[in-house]
Each structure stands twice: as C-alpha cells, then as structure tokens.
Amino acid sequence: MELLLIAVILLVVAVFVTAPLRRPPRQSGEEVEDPRIAELEARKEAKYREIRDAEMDREAGKLSDEDWRRQDTELRREAIGILKQLDGLREERREW
Amino acid sequence: MIVLGAACVILALLAALYAAGAALAGTGGDRRWVVSSRRAVYAVAALLTAAVVIVEAAFLRSDFSFRVVAEHSSTTTPTGYKLTAMWSSQGGSLLLWAWVLSLASSAVLYATRSRLREIVPWATAVLMGFGAFFCGLMLFAGPDANPFARLDPAPAEGVGLTPLLRHPAMVIHPPMLYSGYVFFTIPFAFAIGALITRRLDASWIRSTRRFALIAWTFLTIGVALGARWSYSELGWGGYWAWDPVENASLMPWLLGTAFLHSIMIQERRGMLKVWNASLIVAACSFALLGTFMVRSGILDSIHAFGASTVGPPILFLIACVVLGSAALIVSRLDDLRSEKRIDSLFSREAIFLVNNLLLVGLCAVIFWGTFFPLVSEAITGTRSSVGPPFFNRLVTPLAILLVLFTGIGPLVAWRRISIGVAWRIFRLPVAAAVAAAVLLVAFTDARGEPWALALFTFAAFALAALAQEFAKGVAARRALAGGSVPGALLALVSRNRRRYGGYMVHAGIGVLLIGVAASATFQTSRDLFLSPGESASVGDYEVRYVEPTQSVSQSEDRLTLGGVLEVSSGGERFATLYPSRNYYSSRDTDPSSPVRGFFEGEATSEVGRRDGLGGDFWTAMQPDLTRLDPVIERTDRRLAGLAERLPMDDPRAQVQLAALQGSAIRAIASRYTEEGPPANFRVNVNPLVTWIWLGWLLALCGALIALWPTAEARRRRVADVYAARLARDLSRA
C-alpha cells in the first residue's frame, strides 16, 4: 500500500513538473515583464523616494533652501531622464 | 509510514536536482524550463511538508519505531513539547532547515514569477542546490542525520525531551533562528544570479533588500528568544555568555545589518557594489557557519549536540560558497565599479560607511574570539579558551561608537548636510547627551564606570536625535495637512515606512544597549547559603528564606524542590519569590541507585524573578541534599535488593518496582520539607535589564513597519503626482 502511494506521488509530481514542457515552444504560459522596463521602473521609484527624502530633509531643517533647490533640480533632471527612457521603451514595444 | 517519509525525502532530493538542472536549462531562453523548474520547487515544498507531517504524527503517536521519536520524546512528554521535539534532534533539525528553505524558495519564486527574468533561473539553481544538499545530508550522512531512521525492535518507551528544552521560548527559538539563516540564502542566491548575468541594478536591489530584511527580522526574533531563554532558564542569571553558537547567530545578524544600510547607498548613488555583493555572500556564509556550529559539535557550547557526521559536508558547502562567490565577484569587478563618489564626509552616505566598518569590525572580533580555540589547537595542539572578558574588552568600545552613529545617521541628510544648519540640527541631541552625562555623574555610580557612562551618554544623544526626527516630521505633516498629533504621526509613519521604521529600529537598539550596559555594569550579585528562617542582605534588599517546598509531577516524571523567599526593601515588602530546582528521571539511571540517579541526572532551574522597568530581582536555588544522603542511600539499597529478587522479564513486576520507586521519591520529597535543609541561593539585582527586551520589541516593530508593503494604488498616485510635477517643471523650463 505504501509503495503504491509512493508510486502515485511520483507520478503526480512528474506530471505537474513536466506539464510546461509539453506546451509548444514559445508558450511558457506566462507573461514576463521586460527587464529593461522593470529596471527603469525600479530606478524611477528609487529616484522619487530620493526626491521625497530631500523634501523631508528640507522640512526638518537639514538642508538649506539653496542646497535643497540644487539637489532637487539634479534629482528631477535624473527622474525626467528615466521617464523619457521609459516612454521610449514603451513606445518601442507598442510599435513592435 | 517510515518508508513513506523516507520516500518523500528521496523524491524531494530528486525534485531539487531536477529544479536546479531545469533552471540552468532555462537560462538559454526557453521559458518552459524555467516554469518547470519553479513547479519542481513547489513539489519539493509539498514533499518536505509531507515528510514533516509524518514525523510530527509519529511524535504525537509516540511511535518509537522512529529513532528520532525514541531518542527525543516519551509517552509522558507534554503534547506541545512533542510537536517541537523534532528540532531538538539532528535529523529533525536538518528536515526543518530543508523544509523552511523549500517554503521560502517557493514563496519567493512565486512572487518573482514575472520579474527578474534573467536572474531567477540562476537563483533557483542556487537555492535548489542548497535544498538538494540538505536532503542529501538526511539520506547519506548516517542514521543520526536521518529523521526516518528505524529502530527495530521499537522500544516500549522513549528517552524523553531534554529538560532544558521544556520551555516556551525553546518552542519557537530554533524555527526563528533557522528561518533567519535560511532567508539569508535568498538574497545570496539572487546576488549570484545578478553577478552571473551582470544585472546588479535597481530591480535586483529592490528585491534583495526585502529578502534581507525578512531574514534579519527572523534572526532578530531568534536571537532575542535565545537570550530570554538563557536568562529565564539556565540558572546563571545572564542572557548572553558569548557562547560559540550564540556568536554564530550574531555574526550574520551584524553583516545583515551592514548590508541593509549599505544597499541604500547603492540604490541612491550606485556605489559600494563590491562591498554589498561581498556582504551578502558573507552573511549567507556565516548563516551556514551557524548551522555548522550547531550541528557539528566542533566547539564547546550549551548547544553542542555532540560530534556528528554532518560537520565535514557543511564545511565543504561553506568553502564552495565562499570560494565560488569570491571568484565570481573578482570576475565581475568591471561591472561593479562605482558610478559616483561620496560628495561629502558629512553626509548620510559617509556615516553609513563608518557604520558598516563598525559592524564588520564587530563581526571580525567575534569571529576571531569564537574560532581562536580551534586555531590554537591546530597550531599548538592545545585548545585555548576565550571567554567573556576578551569579547567584552573589544566589543564594548565598538558598540559604544555604534550607538553614537545610530544617532548621527538620521540627523544628516543624503549627499551633504549644510554646514550652516548643522548646529541647529545637532544642538538638542547634544544638549540631551550633556544633560544625561551630568545627571549620571552627579547622582549615580556611573561616574566610576567610564565605558557605561559613555554608552549612556551616546544613547541619550541617539534617542534625542530620533525623537527630534519624529517631532519635526509630525510638525511638518500637521503644517501641511492639519490634524491631531497622533493622526499626523500615523500618517507620517505610514507614508514613510522605510525611514521611520528604520528610526524605530535604531531607537530599539539604543534602548537595548542601555539595558545591557546597566545590567552588566551595575549588577549586584551574591551567593547565599541559608537555612529556613535565616536572612541576608543583597544590596538594598533583605532576603529571608521562609520555608522549603516540594512537588512531584507523575506526568512529567519530575521532582521539584524549591523554596519561598521574602524580599523586602527599606522595611517594606518588595516581593515573594519561589525559585526551585527540577529533577527528571532518566532511562540511563543506574539500576543499583535509582533514587540517587534521579538527583544526579538532568536538572533545570526555575528562577524566582520580579520584573520591573527599573530592574529585576532574580534568584535561583540549589538545594543542599547532603542531609538527605543517608535516606537516599538506604532507599536505594532497599530498591536494588528488591529489584534483584524480581523477575526482570515480568512486566507486572517492573510496573510494581516503578511504583515503589515513585513512592520512595515522594517520601524523600516530603522528608525534604520536614527537615528543611539549607539551600544555596544565587541572587542578582539587574538594573534596567527589562530595557533589553523592550528595546528588542521596539526594534522588531520597526522592522515590521519597514517591511510592510505600501498599497500599490498609493504608489501609483504618488508617482502620478510627481510625474505631473515633473511635466509642469519641464514645460516651464
């Protein structure tokens, strides 16, 4: 009885694990994000966090207005660059 | 069921090997192999879950055909401890490791099923490499390592659970500690994948940071529970002995802490890539080292489970991890070059770097002290011992500096802090530190303890700095959106969970170290030898031994001899404490002296303790049994003589003999309270020791807040707001 149960478990595991291999090639059955877009999204989030943190540092008095303006300008310039790259990639995907 | 359980482990090994192979096949681009490998990981988790259920069911049934059950449980072990006895054994703890790894791997691979496309297959291969290794250990490292080793014939009764482990903290301490170790393999595996694919970028950072924080949180819980158990159960009155296995859990914690800080620098400035890769490799290696030290018995420790066969294979695994990772990092040095430099020495990046150096320095000191006995034995043939004085001497100054920087970091802005505003930011925390120092010197004994005074002063600075951060944040929030102080605080923390969760962790560590410094430096300790009715002074307290107590628990085969202590201070009653000593029957007892064997077998202390925010009054006792020696010897002679006359193979005779032994134990216990012999009492007054547990809880809350995911909608709203602002700025420019 135990051996039968083990054989059934083995069969079930084998069928479950190899099911994706029985699909035609190029059909893994799942959507995968574009790594370039994912990378830019992550950089965008991190940059927005930096912008927020700089504002909070200014509100807490850690940054003078002048230093904050300089940092904020630089960070926003970097964020705009990321947004432009993102737009470009998404446009490219739509065309493709 | 043993065959079924063993088959589950064998199938798990095969599935883990398949998962690793399929994942590597998937790196060629065919996603079907990647999906198949992920399913194999789920199968490993399901199979090992079944294996765990089978073992636990065996414990509950007291099925002594399972060697692991026979050696770590008995019919009289309470049900709760039966369920947790699994991880007191070699085989059971290896099964726990592999099971937690499979569950964690399944969760992580499910969460990243549509992300990190290039990295995930390599990470899967690494994780399942670990999984196959631990399954292989269970199957091939001998019967001790096999949770499904059979005993034939099965004994009628088990040995029982080690009495020291019959404590609630021990129920959860090993799973939390192992979870911490296991979760460090996750960011390690993703780091290896990122190095191989040369994708050490922002999306890798985002995923890895979260996994590392989860590992750190579990390890924090595990370490805290171990310290709490030591303080409550071991009868020596301390919470940290610099035991090798304690140190083994602290080292990955320190490295994980360093990683969590320096990864923020990489996220913002693209710096410290080599450092971060090395840190996560080191954290995982030390997590494996912790497993090696617990399971190999190579170093003397309360955790030592005797010499075993799993030590060399685990050491081999560690060597592969370290050497392979180092080679990979060296081969990717060009990709790991920093993109930017530190703008200013007075910036948060620079402070974090100093913080990292202190944490790694602490780890190095602890590593040297822990392994020096092995090194000295290898070189000189003699194993030298390294005890608490070594660690305290070197760790204390580093810990004090760490507390200081715990306060400086939050005060300083990223990139640079304007010099003109620096004094405005620092003046309140500096004032708090100076005030604390003056008060301590004027009104306490701290003036005679420079290290403790320095720590208290810097901790006051850090806590004031953090309070200032919260106060300014709440004020800014109220200026922006109005509302009450509690409402503004809630909104502030929920909208900036990483920042303020991190501040709470810092505050918790500061509070914890205050408790450590106070309880270690200003402890009053006395060993007393009192007869009933006698009193003694301990510091400002008067301690009177009122009377002895006794109890017998048949269900737990336990005899408890204790005492009632009345503690007063300034003539007022302070506390009544009930310390005791538990004695457990053992199957290894010499049949010629069953009662003596009871008292010379395993014993545990139940401490008497009165907790308070200002400090604990702690006591443990050791009854003086010499007055009972004649009674014990007489009883043993009678029982041994009776045993010789009884037929050994008659079960009814054995039951009667056991009943007589039980009666004899109860009679001796009654004699103990009638005669009231003196007892040894260790009495400790530990100032502020409760702050250690409170600090730990605060740090844990901070970690959970930092971990808690923000709502996706909120993230999109914020992103949209900033996108709109950026668009407006761009149109104006």
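## Chain A: order of elements and overall form

From the N terminus on, the elements of chain A in this predicted model run α-α-α. A compact globule of 96 residues would have a radius of gyration near 12 Å, whereas the value for chain A is 25 Å.

Of the 96 residues in chain A, 26% count as buried. Among the contacts of chain A with a separation of 6 or more, 65% are between residues 24 or more positions apart.

The pLDDT of chain A averages 84, and 91% of the residues score at least 70. Among the elements of chain A, the highest mean pLDDT, 92, belongs to helix 1 (residues 2-18). The lowest, 86, belongs to helix 2 (residues 35-59) of chain A. Where pLDDT is low, the predicted coordinates should not be read in detail.

A:Glu66 lies in helix 3 (residues 65-95) of chain A. This residue counts as exposed because it has 10 C-beta neighbours inside 10 Å, and the cut-off for that class is 12 or fewer. A:Glu66 and A:Arg23 are 43 residues apart in sequence, and their C-alpha atoms are 61 Å apart in space.

## Chain B: overall form

Chain B has 22 helices and ten strands. Its C-alpha trace spans about 105 × 70 × 60 Å along the principal axes. For 733 residues, a compact globule would have a radius of gyration near 27 Å, and the 29 Å of chain B agrees with this.

Buried residues account for 50% of the 733 residues in chain B. Of the contacts in chain B between residues at least 6 apart in sequence, 75% join residues at least 24 apart.

## Helix 7 of chain B and its packing

Two packed helices are described by the angle between their axes and the distance between the axes. In chain B, the axes of helix 7 (residues 168-197) and helix 11 (residues 311-331) come within 9 Å and cross at roughly 35 degrees. The crossing of helix 7 of chain B past helix 11 of chain B is left-handed. Helix 7 of chain B contributes B:Ile192, B:Leu195 and B:Ile196 to the contact, and helix 11 of chain B contributes B:Ser325, B:Leu328 and B:Ile329. By class, this contact of helix 7 with helix 11 of chain B comprises five nonpolar residues, one polar residue and no charged residues.

B:Ile186 is also placed in helix 7 of chain B. B:Ile186 is buried because 27 other C-beta atoms lie within 10 Å, where 20 or more are required. Leaving aside neighbours within four places in sequence, B:Ile186 is in contact with B:Ala104, B:Val108 and B:Phe211. The C-alpha atoms of B:Ile186 and B:Leu453 are separated by 41 Å, and these residues are 267 apart along the chain.

## Backbone features in the loops of chain B

A cis peptide bond, with omega about 5 degrees, joins B:Asp152 and B:Pro153. B:Pro153 is found in the loop between helix 6 (119-140) and helix 7 of chain B.

Positive phi values in residues other than glycine are found at B:Trp242, near 55 degrees, and at B:Leu688, near 60 degrees. B:Trp242 is located in the loop between helix 8 and helix 9 of chain B, and B:Leu688 in the loop between strand 10 (679-687) and helix 21 (690-707) of chain B. With 19 other C-beta atoms within 10 Å, B:Trp242 is partly exposed. B:Leu688 has 21 such atoms within 10 Å and is therefore buried, the cut-off being 20 or more.

## The interface between the chains

In the contact between the chains, 47 residues of chain B meet 43 residues of chain A. On the side of chain B that touches chain A, at least two residues each are supplied by helix 1 (2-26), helix 2 (31-61), helix 8 (202-233), helix 9 (244-269), helix 14 (419-443), helix 15 (450-481) and helix 22 (712-732) of chain B. By class, this side of chain B has 23 nonpolar, six polar and 18 charged residues.

Terms used. Residues numbered from 1 in each chain as written. Chains lettered and ligands numbered in written order. Predicted model: local features only at pLDDT ≥ 70, side-chain atom pairs only at ≥ 80, totals over all residues. Helix = DSSP H or I, 4+ residues; strand = E, 2+ residues; numbered from the N terminus. Rg over C-alpha atoms; globule rule 2.2 N^0.38 Å. Contact = placed C-beta atoms within 7 Å. Axes fitted to C-alpha atoms, helices over the stretch in contact; angles between N-to-C directions. Left-handed = near helix turned anticlockwise from the far one by under 90°. Nonpolar A, V, L, I, M, F, W, Y, C, P; charged D, E, K, R; others polar. pLDDT = per-residue confidence, 0-100.
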